[in-house]
Amino acid sequence: MSLKNKKSGAFYFDSIRKSFSFFFFFGKKVNRTKVFILISFLPVVIALIIKCIQYFNKNYWLEDISVFSNIIVFFYLQFLILILALFFGSSVCSEETEGKTLTYLTTRPVHKSALILGKYAAYTLLIILMVNIGVILSFAILNISHLLDFSRYKILFRDMGVLTLGLICYTSFFTFIGTFLKKSILFGLIFSFGWENIIQYFPGSTQRFTIVHYLKSLLPQPARGRFSFLLFRLEPSSTGTAIVMLLLIALIFLGIACLVFSQKEYILED
Amino acid sequence: MIPVIEVKNLSKWYGNVLGLSDVTLQIEPGITGLLGPNGAGKSTFLKLITGQLKPKIGTVYIKGQKVKNNYPLFREIGYCPEQDSFYEELTGMEFLLKLLSLFPFTPSEAKDRAEQALEIVELTKEKDRVIKAYSRGMRQRIKFAQAIAHDPEILVLDEPLSGLDPLGRRRLISLIKEYRKKGKTIIVSSHILPEIEAMTKTIILIHQGKVFAQGDIHYIRDLIDTHPHIIAVKCDKPRLLAEKFIHEDYVLNVKFNPAEESLLVETNNRDEFFSLLPALFTENKIEVKEITSPDDNLQAVFDYLVGK
């Protein structure tokens, strides 16, 4: 590698680091983050309520770890990570164009795509922290009497890994949408609660066109039992395929987002 | 010698809308006023020379280097945008520090520069308040501070005085003039001629995306002085005032607006007109409510000049 290439490579990575540091700081301060912290702690409240019911009503009994798994699938995987990724991912670009603050960034000695990468990394880390802190607290509350049972931690770490992968992947997709479309939130909502929720149950390989298919493939499959005749069911991919596909989706959309942001001219209208 | 800023055959359009058309010019150190009515292409020109927009045709050079994708060159440029937009949740200090962190400064160097910039714009006391709590004047000043904090060689200010009260304007004009003394190149855009006049004599006149004239402000002043002006005087005795004016050679036309008790006077010599006015008021005991100039804006002047 020539000295010039090394220098420009170092400049590029330094730009990503600077952008990351700026937006991690900024992301922590904005009101939106505070609202989403509250939302992401809803499962913790639910876990507390369940625990209280169990404590006062001895007849009410549910396996703690199964309650935890259900919270992960229904609340985090099907709702929260989509909402967080949608609002944070699409805002990577749109909050600069709609807030007309883009000029402050594009007149600095920082590569445009490095700005996007740094901001994406900052916002993704923020929402990963938000989600995983909520998950750890929910787990701790629901398994309070089994905290020394280390076999349960395997489930916790697996679920945290799946949610983290989901956030990386969805945020990348919505970052791309934000650089590309003006009404990214509307499109994102249709995608999240329309496409992702419906197509994942389509038979055959159609369901592989959803991100949630690969995320669910990483979780244990529920027993089919008497519903095994249904056509609408998950036909999981292998763990390796699922991880590779998720990372590939994240990389591709992030790459396109960088390309679009670098090439597109954003007209900041009054 | 290489000019600080040089643009060659610069053209830019947005779909069917023309932004800038075939502009070729050079800008040297000192203050250059970019003057033109709203929608003339001033902001487009400034965004092109700061690398925010890509020209459809033509090239921008800063110190002999092409601007396009030349990110290290942006260290030399300070840009103060027209729009009143900020990262509202940040404090003044954080806003400057975070933007300075995008330059190759050490944290302590960035802190020193931020404090220095805040001191220049007299915002040191308010540095820890969030920007959303700033007044309009403070917001304009913090915007100016972010443009000068990294001590750029070229300062590009898009309508920096808009929305400021007279005191705020004076303060900012003196700040801009201070910057000129350091030998920097400053480009200031405005659609108000007196604002530019207060800062510089070197101007670029821009209209409908084209550079209409470039050079000393006296040239344009002379052109403007021959432009017939309409002045509205709201007073209690408009007919008496009209009678006094009608004999003057420089008064071309007089009209009444009975509903508003006002008089519209068209003159081709504003200075003579205004020098006579106070004496007429006092001698005839006329009570004045308002004096305005309905066509005293650049659009009217440009329409006149273009027609000429």
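Author: Helices here are DSSP runs of H or I with at least four residues, strands are runs of E with at least two, and both are numbered from the N terminus. The model is predicted. With those terms, chain A reads α-α-α-α-α-α-α-α-α-α along its sequence. That corresponds to 10 helices and 0 strands. The radius of gyration of chain A is 21 Å, close to the 18 Å that the globule rule gives for 270 residues, so chain A is as compact as a globular protein of that length. Its C-alpha trace spans about 65 × 45 × 40 Å along the principal axes. Of the 270 residues of chain A, 39% count as buried. Among contacts in chain A between residues at least 6 apart in sequence, 83% join residues at least 24 apart.

The helix for the close look is in chain B. Helix 3 of chain B covers residues 107-120, which is 14 residues. From its first C-alpha to its last it reaches 20 Å, close to the 20 Å expected at 1.5 Å a residue. Its buried residues are B:Ala110, B:Arg113, B:Ala114, B:Ala117 and B:Leu118. Seen down the axis of helix 3 of chain B, these buried residues fall within an arc of 135 degrees, so they line one face of the helix. On the other side of helix 3 of chain B, B:Ser108, B:Glu109 and B:Glu119 are exposed. The cover over the buried residues of helix 3 of chain B includes helix 2 (92-100) and helix 4 (136-148) of chain B. After helix 3 of chain B comes B:Glu122, with a positive phi near 55 degrees.

Now the setting of that helix.

B:Leu34 belongs to strand 3 (residues 30-35) of chain B. B:Leu34 has 27 C-beta neighbours inside 10 Å and so counts as buried. Although B:Ser189 is 155 residues away along the chain, its C-alpha is 4.4 Å from that of B:Leu34. Beyond neighbours within four places in sequence, the contacts of B:Leu34 are B:Lys42, B:Phe45, B:Ile187, B:Val188, B:Ser189, B:Ile204 and B:Ile206.

B:Val4 sits in the segment before strand 1 (5-14) of chain B. B:Val4 is buried, because 21 other C-beta atoms lie within 10 Å. Apart from residues up to four places away in sequence, B:Val4 touches B:Ile27, B:Glu28, B:Pro29, B:Lys63, B:Ile154 and B:Thr185.

Last, the contact between the chains. It takes 23 residues from chain A and 24 residues from chain B. On the side of chain A that touches chain B, the elements giving two or more residues are helix 1 (3-29) and helix 5 (102-106) of chain A. Helix 1 of chain A gives the most to that side, with 6 residues. By class, the side of chain A that touches chain B has 9 nonpolar, 8 polar and 6 charged residues.

Key:
Residues numbered from 1 in each chain as written. Chains lettered and ligands numbered in written order. Predicted model: local features only at pLDDT ≥ 70, side-chain atom pairs only at ≥ 80, totals over all residues. Expected span 1.5 Å × (residues − 1). Buried ≥ 20, exposed ≤ 12 C-beta atoms within 10 Å, placed from the backbone. Arc of directions from axis to C-beta. Contact = placed C-beta atoms within 7 Å. Nonpolar A, V, L, I, M, F, W, Y, C, P; charged D, E, K, R; others polar. Rg over C-alpha atoms; globule rule 2.2 N^0.38 Å.
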